Amino acid sequence: MAIAKQQTTPSSLSTLLKKVRKRYSSQAKKSKQAKTQEFKYEIALVSYLDVLGMKDLLATAGADANQVAEVLERFRSFTSHDDYQNDLWKTHFVNFSDLAVRILPIMTDANLKYRLGGFFQEMHDLGLIQINLIDRGILVRGAVAIGDICHENGLIFGRGLATAYLLETKAKYPRIVVSTEALRATRDNSVLRAEGNSFAEEMSYLHGFLRRDSDGVWFLDYLALARTDCDSPEQYAQFLLKHKDLIEKQRAEVKAMPRAKRKGRLDKLKWLIALHRNHVAENNPTLFLQETGQKLRAFNVSLWR
């Protein structure tokens, strides 16, 4: 069916041009205000997070935008700060598609006065974010850095962001890595620790949760956090089983791929399998069998073959 071309009369064109000029004038005014605004860096812990498998999700969802939106809305919901954190820490949050940036300023009045333990709080929050997202079948990769950052007038930039971004690209597996610079800063600056805590005391709270991986990189072991933070032994056991189910789902997807295209996904899968198997071996879920009724073999996963 042919669609008639709409004619533009001189009067309608004049109206259109007036709207364009008005919009341009408004944008120019905002730009001028931005130029006169004074931008300042603040030192902060910067966490850069990325949803894994976005390309595959888009391919699987096809024309179903709701399927993609559901994943991204969950990601945004769990990675953003709540009102309490915003008020107390003066946090910033930026989200674009499958990426999120969390900014925790260090030199705020509240932190300088009360020493709130920013490093521990951010590590703990990130671990809980991973647990909640994995519980919903979503894997993320990320990095935590410390450095100058500016988030003003819709702009975000600075060395802290650049460092976190570069570190995230090297994280490789479904893990959140922590820069050695952030660890050194926590050791050398009491403002990053809770009031009266030494660095050793602060690290003891993260014992088993913040650990070195086989490649020497510090990362957050969310399974270790689940072991201590779940509300009940049954909840912990159920999370382990969900983690196992996620691995088996990933295994089936990788096996269905042509061998030539498996490399990246297979490396991530093998890392997940090793993390899960090591956790089961170290923590002996038989301690929880009396309440859950699960058999030991139900918790573990087999090696890739």
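A polar contact is a pair of N or O atoms within 3.5 Å; within protein, one atom must be able to donate a hydrogen and the other to accept it. The legends below describe a predicted model.

**View 1. Arg 251 and its surroundings.** Arg 251 sits in helix α11, which spans residues 233-255. A polar atom of the Arg 251 side chain lies 3.3 Å from the backbone oxygen of Leu 303. Arg 251 counts as buried because its relative accessible area is 7%, and the cut-off for buried is under 20%. Beyond its neighbours within four places in sequence, Arg 251 contacts Leu 269, Ile 273, Val 301, Ser 302, Leu 303 and Trp 304.

**View 2. The whole chain.** The chain contains 13 helices and eight strands. It has 305 residues, and 42% of them count as buried. Take the contacts between residues at least 6 apart in sequence: 69% of these join residues at least 24 apart. The accessible surface of the chain is about 17700 Å². Carbon and sulfur atoms account for 52% of that surface.

**View 3. Helix α8, residues 180-188.** The buried residues of α8 are Ala 182, Leu 183, Ala 185 and Thr 186. Viewed down the axis of α8, these buried residues fall within an arc of 160 degrees, so they line one face of the helix. Asp 188 also belongs to helix α8. Its side chain makes a polar contact of 2.8 Å with the side chain of Arg 187. Ser 198 is 10 residues from Asp 188 along the chain, and the two C-alpha atoms are separated by 9.8 Å.

**View 4. The nonpolar cores.** The largest nonpolar core has 69 residues. Leu 45, Phe 119, Met 123, Val 178 and Leu 210 have the most contacts inside this core. Helix α11 gives the most to the core, with eight residues. In soluble globular proteins, nonpolar side chains tend to be buried together.

**View 5. Phe 119 in close-up.** Phe 119 is one of the residues with the most contacts inside the largest nonpolar core. Leaving aside neighbours within four places in sequence, Phe 119 is in contact with Leu 45, Val 178, Ala 182, Leu 183, Thr 186, Leu 192, Leu 206 and Leu 210.

**View 6. Phe 39 and Phe 157.** The structure holds six aromatic pairs. In one of them, the ring centres of Phe 39 and Phe 157 are 6.5 Å apart and the planes are at 55 degrees, so the pair is tilted. The pair links distant parts of the chain, 118 residues apart. Phe 39 is in the loop between α1 and β1, whereas Phe 157 is in strand β5. Phe 39 is partly exposed, with a relative accessible area of 30%. Phe 157 is partly exposed too, at 32%. Phe 39, Tyr 41 and Phe 157 form one aromatic cluster.

**View 7. Tyr 173 and Trp 271.** These two residues form a stacked aromatic pair, 5.9 Å centre to centre, with 5 degrees between the planes. This pair also links distant parts of the chain, 98 residues apart. Tyr 173 lies in the loop between α7 and β6. Trp 271 lies in helix α12, residues 263-283. Both Tyr 173 and Trp 271 are buried.

Note on methods. Residues are numbered from 1 along each chain as its sequence is written. This is a predicted model: local features need pLDDT of at least 70, side-chain atom pairs count only at pLDDT 80 or more; totals for chains, interfaces and linings use all residues. Side-chain values use heavy atoms; hydrogens and water are left out. Helices (H or I, at least four residues) and strands (E, at least two) are DSSP runs, numbered from the N terminus. Buried means under 20% relative accessible area, exposed over 50%, partly exposed in between (1.4 Å probe, protein chains only). Contact means heavy atoms within 4.5 Å. Accessible areas come from the Shrake-Rupley method with a 1.4 Å probe; for residues, only the protein chains shown count as cover. The arc is that of the directions from the helix axis to the C-beta atoms. A nonpolar core is a set of buried Ala, Val, Leu, Ile, Met, Phe, Trp, Tyr and Cys residues joined through side-chain atoms within 4.5 Å. Rings of Phe, Tyr and Trp (its six-membered ring) pair if their centres lie within 6.5 Å; planes under 30 degrees apart count as stacked, over 60 as edge-to-face and the rest as tilted.
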